[in-house]
Structures are given as structure tokens and as C-alpha cells.
Number of protein chains: 2
Amino acid sequence: MPIVAAVDQSERAELVVTRAADLADAYGHDLHIVHVGTLSVGNLATESTQDSEDVDEASRAAEEVAREIGQRVQPDRSFDAIGLVGNPAEELIAYSQECDAEYIVISGRKKSPVGKALFGSVTQSLLLSADRPVVTVMPQ
Amino acid sequence: MPIVAAVDQSERAELVVTRAADLADAYGHDLHIVHVGTLSVGNLATESTQDSEDVDEASRAAEEVAREIGQRVQPDRSFDAIGLVGNPAEELIAYSQECDAEYIVISGRKKSPVGKALFGSVTQSLLLSADRPVVTVMPQ
């Protein structure tokens with residue numbers, strides 16, 4: 001029952017990975033660092049035999065993002081880097097079910113350009129649809 | 001750094017206490033079960049020397065709610081029962097700061113009368129204001 005750390009490419013990913021590693025240590029579980037990439041609008045608009053290659057490429061790129069963040073934040077520990085493609089909340093929930101995650105760890109909010117705290121839309125979707133506990137970490 | 005389980009008087013409190021106890025075991029931390037009570041509108045409207053007595057009474061009643069839920073869900077473990085009075089999200093955040101909680105555990109959502117998943121307003125306020133990780137548990 002791994003701990004799933006859902007990271008984007010913002011500085012908030014560091015807090016998410018740090019907290020997920022802490023939970024993995026407390027429970028003695030594996031750490032899975034997951035990034036959900038997207039296809040560009042051009043790719044999405046194309047219905048061709050290229051589609052699955054595009055998805056494979058986007059998935060490899062997303063996995064590389066996850067790996068780089070993990071190696072930067074937790075250079076001395078082992079983890080699995082996972083790249084997914086699609087709707088972030090849906091993909092995260094499906095992956096967490098597949099690996100029977102104990103927790104999904106995600107960033108709870110971000111600041112708007114004027115400094116107001118904003119609730120993340122991916123977080124809100126997860127909280128409305130997840131079938132397991134979600135840990136939201138809180139950037140100041 | 002205790003685990004704070006925030007309970008209301010719904011059946012969702014059982015999931016919150018069970019998960020918070022699991023976290024407390026994993027980390028070797030204390031479990032604090034917290035219920036935030038409210039003063040009745042009548043009490044709130046009265047500005048008199050009775051006010052602090054009313055708050056004391058509401059606080060004792062809230063503590064009793066927390067204790068009963070804890071004893072029902074986790075009859076064989078020790079925990080602290082805490083009763084607070086006021087705005088639930090504000091009181092929970094202030095208490096979690098005071099005791100330097102490792103996590104605040106809360107119910108993520110509930111069902112509307114027609115079965116639609118609804119996001120809890122206390123949860124949303126907490127996620128916008130808390131300065132530490134919030135674990136939301138997910139009733140099916």
C-alpha cells in the first residue's frame with residue numbers, strides 16, 4: 001500500500017514529496033512519485049494512428065518530471081517514478097486504486113498573483129472523488 | 001506533535017477517528033479527539049456576564065461529545081478528548097497550532113439528500129487556512 005505523492009512542476013512539489021516520504025517512513029511503505037502530463041491541444045485534436053505514440057511520449061516525459069523532482073528532493077532514498085497522461089484527478093485516482101495506495105499526498109492550495117490563497121481545482125476534484133485518504137500539504 | 005481528529009456528530013466521525021488512530025500508531029504520537037460545539041443563537045445574542053459560563057458549559061458539552069465518540073470507536077486505547085466552541089475551522093486551526101499537531105484529520109465530504117457528493121465547508125475553510133497537513137477521509 002504505497003504512499004502516492006502527486007507532483008506538478010511548481011515549487012509546491014517539494015513539500016508534497018517531503019511529506020509523502022515522511023508518511024512512507026512512518027508506515028514502512030513504498031513511495032510512488034506521480035506526475036500527470038497532458039497532451040498538447042494539437043495532439044488531442046488529431047485522431048490518427050499517431051495517438052498512442054503521442055501518449056507514450058507524453059507518459060515518458062511525465063515520468064521524467066516525477067523522477068527529477070524525486071531525485072532533487074529526496075536524493076538518498078529509493079522511490080518509483082510514475083508518468084501518467086490525462087485528467088489529473090481521474091488519473092491519480094485510477095492509479096491509487098490500481099496500486100491500493102494508503103494515502104494520496106497533494107498540494108492543498110497556491111497563491112494567486114495578488115497573494116490570495118486559492119484552492120487547487122485538482123485537489124477539489126480529488127477530494128470529491130477519491131476512495132482513500134488524501135493528505136493536503138499547505139504552502140505558506 | 002499529536003494527531004488531531006476533528007469529529008462532528010455524524011457517522012463520518014467513526015472514519016475520522018479510525019484513520020487518526022492509525023496515523024497516531026504509525027508515528028507513535030498521541031491522539032486528540034476534538035469536537036467544536038456552538039453556542040445557541042440565543043446565547044450569542046446575549047451580551048451579559050453569563051457569556052463565559054455559557055461558553056464553559058458549551059465547551060464541556062463538546063468535550064463530552066468527543067469523549068463519547070472516542071470511547072465508542074476506539075474503546076481500548078487512550079486519547080485526549082477536547083471540547084472547543086466557536087467557528088469550527090478557526091478553532092481547529094488555533095488548537096492545532098497550540099498543540100503543534102502533526103496532522104489534522106477531518107471528513108472530506110458528505111452525501112446530499114439526493115446522494116450527490118458534497119464538499120464540506122469546514123474542510124474547505126481548513127484547507128484554505130491551515131498551516132499543517134490536513135488528512136481528509138472519504139465516506140463512500
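Let me start with one pair of residues: in strand β7(B), the bridge partner of B:Ser107 is B:Val137, where strands are DSSP runs of E, at least two residues long, and helices are runs of H or I of at least four, both numbered from the N terminus. Four bridges join β4 of chain B, residues 103–107, to β7 of chain B, residues 134–137, and these two strands run parallel; two strands count as paired if DSSP finds at least two bridges between them.

Please keep in mind that this is a predicted model, in which local features need pLDDT of at least 70 and side-chain atom pairs count only at pLDDT 80 or more, while totals for chains, interfaces and linings use all residues. Residues are numbered from 1 along each chain as its sequence is written, chains are lettered from A and ligands numbered from 1 in the order in which they are written, and side-chain values use heavy atoms, leaving out hydrogens and water.

Now to the whole sheet: ten strands form an open sheet with mixed pairing, in the order β3(A)-β2(A)-β1(A)-β4(A)-β7(A)-β7(B)-β4(B)-β1(B)-β2(B)-β3(B). Because β3 (80–85) of chain A and β3 (80–85) of chain B stand at the edges with a single partner strand each, one side of each has no neighbour in the sheet.

Finally, the two chains: a rotation of 180 degrees, with 0.0 Å of shift along its axis, superposes chain A on chain B with an RMSD of 0.0 Å, by least squares on the C-alpha atoms of residues with pLDDT of at least 70 in both copies. The copies are therefore related as by a two-fold rotation axis, and in chain A the C-alpha nearest that axis belongs to A:Val135, 2.2 Å from it.
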